[in-house]
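Q: I'm new to this one, could you walk me through it? Let's begin with the charged pairs and then move on to the core.

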Amino acid sequence: MGSYGLFSKVQKESSSVGFFPHFRKHKVIHKAADDSRDAHPTESKPDIGERPGERSSFPSSAGHLFFEYLVVVSLKKNAKGDYEPKITYQFPKRENLMRGQREEEERLLQAIPLFCFPDGNEWAPLTEFNSETFSFVLTNVDGSRKIGYCRRLLPSGRGARLPEVYCIVSCLGCFGLFSKILDEVEKRRQISAAVIYPFMQGLRESPFPAPGKTVTIKSFIPDSGTEHIELTRPLDSHLEHVEFQALFQCLSPEKILQIFASAVLERRIVFLAEELSSLSKCIHAAAALLYPFTWAHTYIPVVPEQLLSTVCCPTPFMVGIQKRYLDEVQEQPMEEVLLVDLCKGKFLKLVGDEEEILPAKLQSEMLSSLPMMNNNVQTSEELNTRVSDAFVQFFVKTIGHYPAHIKWGKNGQGSFQERSFCKALTSKTNRKFLKKFVKTQMFSLFIQEAERNKRSVEGYFQKRLNEYEEQKKQRRLS
């Protein structure tokens, strides 16, 4: 089933046209043959403040609103007697919308419930339930994205009751920060739902902080008085949407490298876990390993039960599936897929060459740089930085020479010289890897953006390139 079939299935299940789980498509240079499969091709543009060729998975928008909507999704019985997720509250209620805006809002709100309860309709009232935090990404036909940050919890009360989901919809990617906001939402929900909305109104009226900056929200809680809640963005904005600790708690560094290798060549990867939060965190972490590149294909952190046939897609994908559906997944006709069991820390299915994709010397260097979970890495931020640096250095050493192989015309348009770029590496194993990597869609998009602008604001990756070049210069002089 091609990408159009996947679009149709999402439309059918969510009664929606326009918003889809993250099936991201672009016009490319090296993969022109794939264009015929694209139901809604869009051309990606760099965010303001990024260096050409340095892509970010999520916008970095200081001063923007924290969120667009807060919705509550509850389980309601349908005509068949089954529980079905429905939006029971929306904040804010937007009025005086233009027709196109109203239709877009309706499509978005119709798509959300399916991803708040991706594990089917077999629910029953409960007396105990551990709250879960997870997220999903929806992509509009114009390429714009909405991120749903979810907290599924059991509301306070007596007797058995059904869980509900508080979902914050935003175009901004900052998972750690939104997780803290959801903590505040859950704390207030255990008092009264009515206490949530003044807090969210205060949040909505506050500007999204710049990297490294803090915004303080005042919020009144009955019997506690006024609280001051500080929300701080990480200084390194390229790491604010990821938590590598979750991935390293589930998998060994060797297996993480094999996942990275599969992702770099844009293969099909399925993650399995019992908990929605584990799936969500681990798949976001795996995608973040690709920085400064961006996964440009089907990307669904938690696949709803109705969309399990996604794993039949012949194009690349990175998806998360609850382990309860393992038998159904294995019954699907999957081709060349890496099936990752996060619960047991092992692979259930491999292509077979995962250990041979990356150059051996660089693999060894990365393994020595990656932390083991019993090492004395003090904080999540320190772990994120250490892990990210190991993978960034891999790209610095393999593709860091790309600026020297862009010829610039008088009109300011660049032209990438692929052949000389690949030949420039002295290592035969590095050249072998590079010849495969330059054919990927993520590399094509990276280079397309680099060719558009000769000068731009330096980003994190460019800083690492500059440091590496300076180190090589110092070694030559010594």
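Q: What does lysine 86 form a salt bridge with?
A: This is a predicted model, and in it lysine 86 pairs with glutamate 84 in a salt bridge whose closest N and O atoms are 3.4 Å apart.

Q: OK, what about arginine 152, which glutamate does it bridge to?
A: Arginine 152 forms a salt bridge with glutamate 132, with 2.9 Å between the closest N and O atoms. This pair links distant parts of the chain, since arginine 152 sits in strand β5 (residues 145-153) and glutamate 132 in strand β4 (residues 132-139), 20 residues apart.

Q: Are those two buried or exposed?
A: Arginine 152 is buried, with a relative accessible area of 1%, and glutamate 132 is buried as well, at 14%.

Q: Which residues are linked in a network of salt bridges?
A: Glu184, Lys187, Arg188 and Glu227 are linked that way. Within that group, lysine 187 and glutamate 184 both lie in helix α3 (residues 175-189), 3 residues apart, or about one turn of the helix.

Q: Switching topic, which residues touch the most other members of the largest nonpolar core?
A: Those are Ile112 and Ile399, in a core of 111 residues. Helix α10 (residues 380-399) contributes the most to this core, with 9 residues.

Q: What does isoleucine 399 touch?
A: Leaving aside residues up to four places away in sequence, isoleucine 399 touches several residues, including Phe293, Leu434 and Phe461.

Methods:
Residues numbered from 1 in each chain as written. Predicted model: local features only at pLDDT ≥ 70, side-chain atom pairs only at ≥ 80, totals over all residues. Heavy atoms only, no water. Core = buried A, V, L, I, M, F, W, Y, C linked by side-chain atoms within 4.5 Å. Buried < 20%, exposed > 50% of the residue type's maximum accessible area, 1.4 Å probe, protein only. Helix = DSSP H or I, 4+ residues; strand = E, 2+ residues; numbered from the N terminus. Contact = heavy atoms within 4.5 Å. Salt bridge = Lys/Arg side-chain N within 4 Å of Asp/Glu carboxyl O.
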